[in-house]
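Please examine the model shown below together with its sequence. The paragraphs that follow lead through its charged pairs, its aromatic rings, its nonpolar core and several individual residues.

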Amino acid sequence: YAPDVLEPYVAGIASALIQVAVYDREINCRRAAAAAVQEHVGRQGTFPNGIEVITVADYWTLSARRSAYLEVAPQLAALGEG
């Protein structure tokens, strides 16, 4: 889809994908959501704080639930405060 078509939905999509990428208990779900975020950032370019998000929440940082909860989540929350 063209970025202007998805623009009204980007905030909701971003929020849902980030929640799954960080808080889902299954590693495959966390990694799939992170991959979807990367795709969206790369193809649409409208994801809020896109590059920063994919730098913080990548394949390896999300692999351990402890890391996802205690390290990645606070860093992503800090991005939203700016």
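**Salt bridges and accessibility**

Glu39 is partly exposed, at 44% relative accessibility; under the definition used here, buried means under 20% relative accessible area, exposed over 50%, and partly exposed in between (1.4 Å probe, protein chains only). The model is a predicted one, in which local features need pLDDT of at least 70 and side-chain atom pairs count only at pLDDT 80 or more, whereas totals for chains, interfaces and linings use all residues. Residues are numbered from 1 along each chain as its sequence is written, and side-chain values use heavy atoms, with hydrogens and water left out.

The side chain of Glu39 meets that of Arg43 in a salt bridge, with an N to O distance of 2.6 Å. The term denotes a side-chain nitrogen of Lys or Arg within 4 Å of a carboxyl oxygen of Asp or Glu. Side chains of opposite charge can pair when their charged atoms come close. Both Arg43 and Glu39 belong to helix α3 (residues 27–44), where they are four residues apart, about one turn of the helix. Helices (H or I, at least four residues) and strands (E, at least two) are DSSP runs, numbered from the N terminus. Arg43 is exposed, its relative accessible area being 65%.

How many salt bridges does a search of the whole structure find? The search finds two. Besides the pair in α3, Arg25 forms a salt bridge with Glu26, and the closest N and O atoms are 3.4 Å apart. Arg25 counts as exposed at 60% relative accessibility, while Glu26 is partly exposed with a relative accessible area of 40%.

Aromatic rings form a further set of contacts. Rings of Phe, Tyr and Trp (its six-membered ring) pair if their centres lie within 6.5 Å; planes under 30 degrees apart count as stacked, over 60 as edge-to-face and the rest as tilted. By this rule there are two aromatic pairs. The Tyr23 and Tyr69 rings have centres 5.5 Å apart and planes at 85 degrees, so this pair is edge-to-face. It links distant parts of the chain, since Tyr23 lies in helix α2 (residues 10–23) and Tyr69 in helix α5 (residues 65–80), 46 residues apart. Tyr23 is partly exposed, with a relative accessible area of 45%, and Tyr69 is partly exposed at 36%.

Tyr59 and Trp60 also form an edge-to-face pair, with 4.9 Å centre to centre and 85 degrees between the planes. Tyr59 counts as partly exposed at 41% relative accessibility, whereas Trp60 is exposed at 64%.

The discussion now turns to the interior. A nonpolar core is a set of buried Ala, Val, Leu, Ile, Met, Phe, Trp, Tyr and Cys residues joined through side-chain atoms within 4.5 Å. The largest such core has 18 residues, and those with the most contacts inside it are Ile18, Val22, Val37, Phe47, Leu62, Val72 and Leu76. At least two residues of this core come from each of α2, α3, α4 (50–56) and α5. The greatest contribution is that of α2, with five residues.

Contact here means heavy atoms within 4.5 Å. Apart from its neighbours within four places in sequence, Val22 is in contact with Arg30, Leu62, Ala68, Tyr69, Val72, Ala73 and Leu76. Ala14 has its place in helix α2 and is buried at 7% relative accessibility. With neighbours within four places in sequence left aside, Ala14 is in contact with Phe47 and Pro48.

Ser67 lies in helix α5 and counts as buried at 14% relative accessibility. Its side chain reaches the backbone oxygen of Thr61 at 2.8 Å. Not counting residues up to four places away in sequence, Ser67 touches Thr61 and Val72.

Most residues other than glycine have a negative phi. Asn49, although not a glycine, has a positive phi of about 55 degrees. Asn49 lies in the loop between α3 and α4 and is partly exposed, with a relative accessible area of 34%.

Definitions and conventions. Polar contact = N/O pair within 3.5 Å; in protein donor to acceptor, adjacent residues only side chain to side chain.
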